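Please look over the sequence and the structure shown here before reading the short report that follows.

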Number of protein chains: 2
Amino acid sequence: MPLGTDYVRQNCAIARSLEIVGERWTLLIIRDLFYGLRRYSDLRKHIGLPPAVLTDRLARLIEEDVVERVPGRGAREEYALTTKGAKLWPVLNGLSQWGNEHYVEPESRSRLTHAVCGAQLDEVGGCPQCGVTPAAADVEIQKPSFGTADPYAQALRTPHRLLEPLRL
Amino acid sequence: MPLGTDYVRQNCAIARSLEIVGERWTLLIIRDLFYGLRRYSDLRKHIGLPPAVLTDRLARLIEEDVVERVPGRGAREEYALTTKGAKLWPVLNGLSQWGNEHYVEPESRSRLTHAVCGAQLDEVGGCPQCGVTPAAADVEIQKPSFGTADPYAQALRTPHRLLEPLRL
DNA sequence: TAACATGGTTCGGTAGTTGAACCGGACCGT
DNA sequence: ACGGTCCGGTTCAACTACCGAACCATGTTA
């Protein structure tokens with residue numbers, strides 16, 4: 001648990017959040033859970049982190065009620081975001097927008113649409129047509145990817161609702 | 001530089017962003033720059049991190065054009081967010097909202113208002129009155145704090161425009 | 001001119017991360 | 001029923017980053 005609980009951090013909401021999700025790898029795990037990955041091995045292969053770290057991070061997130069274990073296919077357990085965890089969507093969207101704008105060529109940027117009306121979301125995740133900011137569960141993502149053999153990237157080439165389990 | 005540039009991270013905007021701002025302390029530094037802190041010693045005292053780490057993080061952020069050195073009072077250099085850095089505001093706001101909702105008592109939560117019209121911003125940083133999402137420079141913050149001697153916390157008790165230098 | 005603040009650098013000890021190896025149980029094909 | 005493979009981890013040594021304290025040159029203030 002590298003992020004110590006100093007007195008300084010006590011009264012700042014940002015610092016409190018970072019104590020939970022600010023460790024290395026944690027936000028990438030949460031990103032993948034938004035994308036619909038749910039199994040330990042899928043997270044491990046997609047993110048490419050040491051298994052001990054994945055185990056540690058998942059335990060911490062479960063302890064903080066950001067992630068929960070849910071029954072999956074064939075009596076196998078899976079990991080999913082809780083409602084509390086799903087509320088981190090604006091953070092992930094913000095990082096995605098910023099990274100897209102400054103580090104990703106336009107044709108490779110992911111596109112987000114409002115699953116209810118089909119309109120494309122603006123840069124802060126709002127639906128210009130409905131005038132609301134949809135929750136993650138009502139957002140559909142489509143991530144272009146060229147010439148990769150990565151099955152996870154391939155699965156996200158077709159539009160996919162966030163949080164919905166991603167079957168490969 | 002702990003966050004390695006793996007092939008996996010190449011095509012994901014979130015991973016790219018986290019390579020820049022995902023290291024320990026970095027987002028707290030950026031938070032303080034939004035609040036108006038600008039001097040090395042202020043950052044150091046407020047955040048409470050080892051000076052070598054602060055030096056390292058600032059160098060990295062300058063290299064990535066997130067932060068720049070600007071002339072301050074008395075021929076002394078200060079650190080400030082660039083326009084690219086200021087675009088990280090939705091990320092910070094997202095972390096702040098999530099932390100407030102889950103870890104901070106309502107009376108201690110920071111309040112954000114649209115500096116142009118004075119209306120209180122909604123949870124995604126939009127102005128319900130103007131119908132726009134103001135940039136950080138048009139947001140005014142007011143952070144309650146009770147019974148602390150911390151001069152930085154005290155300075156933020158009165159409304160203060162983000163990015164504006166904070167004089168103690 | 002002495003004292004102090006600033007903006008760092010240096011250094012040894014410690015804590016977190018990494019990558020590889022390993023392992024029991026579940027599942028699968030035959 | 002059997003062997004092989006995948007799954008979900010655990011263990012361990014080597015490495016790297018971080019921490020906290022000490023130090024220091026350069027202003028700045030009294």
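## The surface near DNA strand D

In this predicted model, 19 residues lie around DNA strand D, and those that come nearest are Ser41(A), Pro51(A), Ala52(A), Thr55(A) and Pro50(B). Two or more residues of this surface are given by each of helix H4 (40-47) and helix H5 (51-63) of chain A, and also by helix H5 (51-63) of chain B.

## Where chain B touches chain A

Between the two protein chains, 40 residues of chain B are in contact with 41 residues of chain A. On the side of chain B that touches chain A, helix H2 (13-21), H3 and helix H7 (89-103) each supply at least two residues, and H7(B) gives the most, with 12 residues. The residues of this side of chain B comprise 18 nonpolar, 15 polar and seven charged ones.

## Helix H3 of chain B

Helix H3 (residues 26-35) of chain B is largely enclosed by the rest of the structure, because 10 of its 10 residues are buried. Among them are Leu27(B), Ile30(B), Phe34(B) and Tyr35(B), and also the residues Arg31(B) and Asp32(B). Just after H3(B) comes Gly36(B), which takes a positive phi of about 110°.

## A loop residue, Val132(B)

Val132(B) is placed in the loop between strand E3 (111-114) and strand E4 (139-142) of chain B. This residue counts as exposed because 12 other C-beta atoms lie within 10 Å, and exposed residues are those with 12 or fewer. Although Val132(B) and His114(B) are 18 residues apart in sequence, their C-alpha atoms are 9.7 Å apart in space.

How values were computed:
Residues numbered from 1 in each chain as written. Chains lettered and ligands numbered in written order. Predicted model: local features only at pLDDT ≥ 70, side-chain atom pairs only at ≥ 80, totals over all residues. Helix = DSSP H or I, 4+ residues; strand = E, 2+ residues; numbered from the N terminus. Buried ≥ 20, exposed ≤ 12 C-beta atoms within 10 Å, placed from the backbone. Near = placed C-beta within 6 Å. Contact = placed C-beta atoms within 7 Å. Nonpolar A, V, L, I, M, F, W, Y, C, P; charged D, E, K, R; others polar.
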